[in-house]
Amino acid sequence: MSRYEEILNSQFKMTDGGRVDYVKDLYTTYCPEVDLQAMIDGGYIDALGDMMEPVLISLDDRSPEVMAYWAKHGMVKEFHGDNNGMNWEAYENKTGYKWVRTEKKDGIQNFHKSWTSFVPVSAFQPENAGRKYPTVIVLHGGFNPVSIIDGWGFSQEAARKEWIIIVPSIELDDILDEILEEAKTLYPIDESRIYATGFSYGGFMTNLLGNKRPDVYAAVAPCGVPLNDAYCEEAIGPEPQKPFDGKSRALEMGIYMPVFNCAGNLDGNRFPIYAAGRKKAKISHISPSPETLVEGINNWARVNHASEIKLADVMNLENRTDISEEERGIGIPLAEDCRRTVVADGITNYIGDLKSEDGIVRVRIMCEMNMPHWPTPEMIRQMYAFFEHFSRNVETKESIYTE
């Protein structure tokens, strides 16, 4: 059996209820439009296997083999809150929000305020006393177990940069506050450089954090979802999610909230944006119209004082022959100095920027070609490179840009 076949026929834990899937299903069963042979020929499957290695070693993310993997990569993986039960009745009495669990066996982890941490070994060494570490909150997808983050590349790239990763089971912003406060007592977290990201449901919740909590996060990266204002009249779906008014607190406070967004062109048929929604996505609610996608981008343009894009200009791109590959791929007009192409692991990635009025890029959109609904190593690399420029004044909440 070739390494490609070995990777694609490997199994991993997909839901917290215990469902196990094959890697190949991500690129065949769930998205048959993928050109799998092109992925193999370009070397992407090799990169995928390296990224997902910890979840393919064992279905138990606490196994000695998995713990040894992280130790080898210079990270101390620790588990917290297993005995810290979530009292949803008390939470409803306190906040007015009622989480209604479905009959599915998934969602088990929502009954505990559990979280996993990945901390560089150097943070425990006496000679580094006083050193503070950038920290990324990583949010899982709908019904995905916390353990899935092991195979999503966030912690591997954090190991290379010596950053801290925190992965919560419950993704409500006030629960995250509690987890962060506990984490600060355990690890040397740089409070000016706390970032949030997530994929799929976790991506939507990252949109929420960016719009609602600029007092905590220096930058956010909702991925596997479109940019939006996180407006939610009532909870959507069975995962915990509270209503939100869609009003940007950063805009109200007069501060910036930098945002990075990434998804595959085969993920929900959202790219190119001028043609969004023409094909029915496998999950229909993630195939919004061009109008909805443009307004979602413009929400973040307003937050970051960038020029809004016009729907008419977006729709006119389709029949033009004088536009760039990036404009064709992403589906929005982009100035020459606000677009570039990165080919990594055999995958072509189009990157488009919106500049704030001071000339700084605070809105970045990345479209991955031939890619379904799953993270990629380059997504993480580009995300962290974006994060590195931004910090937050802990006292004034001002967003700070560093070249």
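Colleague: How much space lies in the second largest pocket?
Modeller: About 370 Å³. This is a predicted model, where local features need pLDDT of at least 70, side-chain atom pairs count only at pLDDT 80 or more, and totals for chains, interfaces and linings use all residues. Residues are numbered from 1 along each chain as its sequence is written, and side-chain values use heavy atoms, with hydrogens and water left out.

Colleague: What counts as a pocket?
Modeller: On a 1 Å grid over the protein atoms alone, a pocket is an open set of points where a 1.4 Å probe fits, with protein on both sides within 12 Å along at least five of seven lines. Lining residues have an atom within 4 Å of a point. The volume is the space filled by probe spheres set on the points, which are joined across faces, edges and corners.

Colleague: Which residues are closest to the centre of that second largest pocket?
Modeller: Arg 62, Asp 82, Gln 109, Ser 114 and Val 146, out of 18 lining residues. Strand S3 (75-80) and strand S4 (115-120) are the elements giving two or more residues to the lining. Strands here are DSSP runs of E with at least two residues, helices are runs of H or I with at least four, and both are numbered from the N terminus.

Colleague: And how do the lining residues divide by type?
Modeller: Six are nonpolar, six polar and six charged. Asp, Glu, Lys and Arg count as charged; Ala, Val, Leu, Ile, Met, Phe, Trp, Tyr, Cys and Pro as nonpolar; and the others, Gly among them, as polar.

Colleague: Back to S4, is it buried or exposed?
Modeller: Six of its six residues are buried, so S4 is largely enclosed by the rest of the structure. Buried means under 20% relative accessible area, exposed over 50%, and partly exposed in between, using a 1.4 Å probe and protein chains only. Trp 115, Ser 117 and Val 119 are buried on one side of S4, and Thr 116, Phe 118 and Pro 120 on the other.

Colleague: Which strands does S4 run antiparallel to?
Modeller: S3, through six bridges, and strand S6 (residues 164-168), through four. Two strands pair if DSSP finds at least two bridges between them. Glu 78 stands opposite Ser 117 in S4, while Thr 116 stands opposite Val 167 in S6.

Colleague: What's the strand order in the whole sheet?
Modeller: S3-S4-S6-S5-S7-S8-S9-S12-S11-S10, an open sheet of 10 strands with mixed pairing. The edge strands, S3 and strand S10 (339-344), each pair on one side only.

Colleague: Where's a parallel pair?
Modeller: Strand S5 (residues 133-139) and strand S7 (residues 189-199) pair in the parallel sense over six bridges. Val 136 stands opposite Tyr 195 in S7.

Colleague: Switching to helices, why is H7 called largely enclosed?
Modeller: Because six of the eight residues of helix H7 (residues 154-161) are buried. They are Phe 154, Ser 155, Gln 156, Glu 157, Ala 158 and Ala 159. Just after H7, Glu 162 takes a positive phi of about 60°.
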